[in-house]
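Reader: I am new to reading protein models. Could you walk me through this one with a few questions and answers?

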Amino acid sequence: YLQGKVAFITGATSGIGLAIAHRLAQAGARLALHGLPDAAEGDALCQELARRYDVEAAYFQADLRNAAALEAAMRRVLGDTGGVDILVNNAGMQHVSPVEAFAPEIWNDMLAVNLSAAFHTVRLCLPSMRARDWGRIINIASISGLRGRSGKSAYNATKHGLIGFTKSIALETATTGITCNAICPGWALTPIVQKQVDALAAREQLDDATATHRLISLRQPSGKLVKVEQLAAMAAFLCSADADEVRGAAWTMDGGTTAA
Ligand code: NAD
């Protein structure tokens, strides 16, 4: 159902962004993937996805801490594809520290990557969406955009900010065929988290399921990690016609965490 649509996904070379790339390509979307790794790695990934799903896929490298680099990449995306239909702001960074010890430069980097990057991509992509009166903007926030946690001042501030931004854009586009929503994952099974599971399994001679439960059950009522494929399916649903009137939502998929 996404044939003919161009999907631009930031931070698409790993984790949730990569899962969304697979899922949207499977539905027929043409991919414009952003990433931090060099062009050789990004191009190889695009070739693999293009072959597997029989879609076009191109890579755009940019360090999102640098707004000028992002804008240059966006201009290339828009020029090469003729316009973005589906924009997924997924790239994000995390740093945990008490606020009085929080390095100001890391604070600024997190504002740039987790929040300002979405402002720039939306501002630059909206004209092509408005021209077609169709668009999907999906911002990958977090349950940290809905609740706080000590040590996560920058992450909480940027993810709460991203949800606020989502609501505002949803209202600016409310009478159009463009929707803007946020997805709020709980703990998801990305390589970073799996490594912690593997370490615990090795240390305590546990199988994968037991180690996962041990690591996550304290934090997520389900005792299970969210799968990136499940998050990608939520993103794919938001791209469907059935989700035409989902506007300004911040949907959790968190194993019950925010219900507690
Ligand atoms: P990940 O590390 O695989 O993905 C993060 C992506 O952001 C990477 O591709 C990375 O290259 C990119 N990125 C980071 N800094 C960048 C920079 N300066 N310039 C350009 N790109 C940069 O981890 P993930 O779990 O897939 O995270 C994806 C999103 O999901 C993030 O926004 C994260 O905050 C959010 N999230 C993840 C979880 C989880 O448990 N995994 C939970 C809630 C929210």
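Reader: Which residues of H8 are buried?

Author: Happy to start there! This is a predicted model, in which local features need pLDDT of at least 70 and side-chain atom pairs count only at pLDDT 80 or more, while totals for chains, interfaces and linings use all residues. Residues are numbered from 1 along each chain as its sequence is written, and side-chain values use heavy atoms, with hydrogens and water left out. Buried means under 20% relative accessible area, exposed over 50%, and partly exposed in between (1.4 Å probe, protein chains only); in H8 the buried residues are Val-228, Leu-231, Ala-232, Met-234, Ala-235, Ala-236 and Leu-238.

Reader: What do the buried residues of H8 pack against?

Author: Helices (H or I, at least four residues) and strands (E, at least two) are DSSP runs, numbered from the N terminus. Contact means heavy atoms within 4.5 Å. The partners of the buried H8 residues are H1, strand S5 (135-140), strand S6 (178-185) and strand S7 (250-253).

Reader: How many residues does each domain bring to the contact?

Author: Domain bounds come from an automatic or database domain assignment, which here gives domain 1 (6-186 + 227-251) and domain 2 (188-225). From domain 1 the contact takes seven residues, and from domain 2 it takes seven.

Reader: What area is buried between domain 1 and domain 2?

Author: Buried area is the accessible area (1.4 Å probe) that two parts lose on being put together, summed over both. Carbon and sulfur atoms give 60% of it, and the area between domain 1 and domain 2 is about 490 Å².

Reader: Which residues of domain 1 lose the most area to domain 2?

Author: Three residues together account for 58% of what the domain 1 side buries. They are Gly-186, Lys-227 and Val-228.

Reader: How many salt bridges are there between domain 1 and domain 2?

Author: A salt bridge is a side-chain nitrogen of Lys or Arg within 4 Å of a carboxyl oxygen of Asp or Glu. The structure holds nine salt bridges. Between domain 1 and domain 2, though, the count is zero.

Reader: Which residue forms a salt bridge with Arg-30?

Author: Arg-30 is partly exposed, with a relative accessible area of 25%. In this salt bridge the closest N and O atoms are 3.6 Å apart, and the partner of Arg-30 is Glu-56. Arg-30 lies in strand S2 (residues 30-35) and its partner in the loop between helix H2 (39-53) and strand S3 (57-61), so parts 26 residues apart in sequence are tied together by Arg-30 and Glu-56.

Reader: Is Ser-97 buried or exposed?

Author: Ser-97 sits in the loop between strand S4 (86-89) and helix H4 (104-132). Not counting residues up to four places away in sequence, Ser-97 touches Phe-102 and Gly-151. Its relative accessibility is 10%, so Ser-97 counts as buried.
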